[in-house]
Amino acid sequence: MSTPSILGTSKIVAFAAVRDRDAARTFYRDTLGLRLLGEDQFAMVFDANGTTLRITPVPTWTPPQFTVLGWEVPDIAAAVKDLQSAGVQFERYPWMKDQDELGIWISPSGPEVAAVHAGTKVAWFKDPDGNVLSVSQKAA
């Protein structure tokens, strides 16, 4: 018998760790345009279009080498250009030969790729502490 999960209908809260509170505040608020809801000794709390994002300062920490936060956008080229004009630098990965001039990569299709990902466009950038972030646009 299947039981409905309370988490399947509950809002998610996202978390990311940083070492430099001031640089993170400036980046997430001023560069990315997220609304700072408040902060205390434990975290800075942002509104990310209805999702709560808690940026937690920690004294020592190494950023993971994978995407920790991503935003789905309707027009990835426009989003990349807007972020670049705000000073964001996009990552170029040597093993991704198909990134275009903006750093946008298109997910391939085929039996090894989940259909939900096929044709998705993605571009990656980092916050001041090295967290890998992304913008993506689903295939039409």
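**Contacts along the chain.** I began with contacts between residues at least 6 apart in sequence, and found that 51% of them join residues at least 24 apart. I note here that the model I am reading is predicted.

**Whole chain.** I looked up the extent next. Taken along the principal axes, the C-alpha atoms fill a box of roughly 50 × 45 × 25 Å. The chain has 140 residues, and 36% of them count as buried. For the accessible surface I have a value of about 8800 Å², with 55% belonging to carbon and sulfur atoms.

**Helices and strands.** I listed two helices and eight strands. Following the sequence, I wrote down the pattern β-α-β-β-β-β-α-β-β-β.

**The four-stranded sheet.** I then traced an open sheet of four strands, which runs in the order β5-β8-β7-β6 with mixed pairing. Which strands stand at the edges? They are β5, residues 67–72, and β6, residues 105–106. Each has a single partner strand, so one side of each is left without a neighbour in the sheet.

I followed β5 to its partner. β5 pairs with β8, residues 132–137, in the parallel sense, and I noted five bridges between them. I looked up glutamate 72 and found serine 136 of β8 opposite.

**Start of helix α2.** I turned to α2, which spans residues 76–85. At its start I checked aspartate 75: one of its side-chain oxygens comes to within 3.3 Å of the backbone nitrogen of alanine 77.

**The two faces of α2.** Which residues of α2 are buried? I marked Ile76, Ala79, Val80 and Leu83. Viewed down the helix axis, the buried residues of α2 fall within an arc of 100°, so they line one face. I also looked at the face turned away from that buried side, where Asp82 and Ser85 are exposed.

What do the buried residues of α2 pack against? I found three elements: helix α1 (21–31), strand β7 (121–126) and strand β8. Two of these names were already in my sheet entry, where β8 and β7 follow one another in the strand order.

**After α2.** Last, I looked just past the end of the helix. Glycine 87 has a positive phi of about 100° there.

**Where I stopped.** My entries on β8 now hold its parallel pairing with β5 and its place among the elements that the buried residues of α2 pack against.

Conventions: Residues numbered from 1 in each chain as written. Predicted model: local features only at pLDDT ≥ 70, side-chain atom pairs only at ≥ 80, totals over all residues. Heavy atoms only, no water. Pairing = 2+ DSSP bridges. Buried < 20%, exposed > 50% of the residue type's maximum accessible area, 1.4 Å probe, protein only. Arc of directions from axis to C-beta. Contact = heavy atoms within 4.5 Å. Polar contact = N/O pair within 3.5 Å; in protein donor to acceptor, adjacent residues only side chain to side chain. Areas by Shrake-Rupley, 256 points an atom, 1.4 Å probe, with all protein chains shown as cover.
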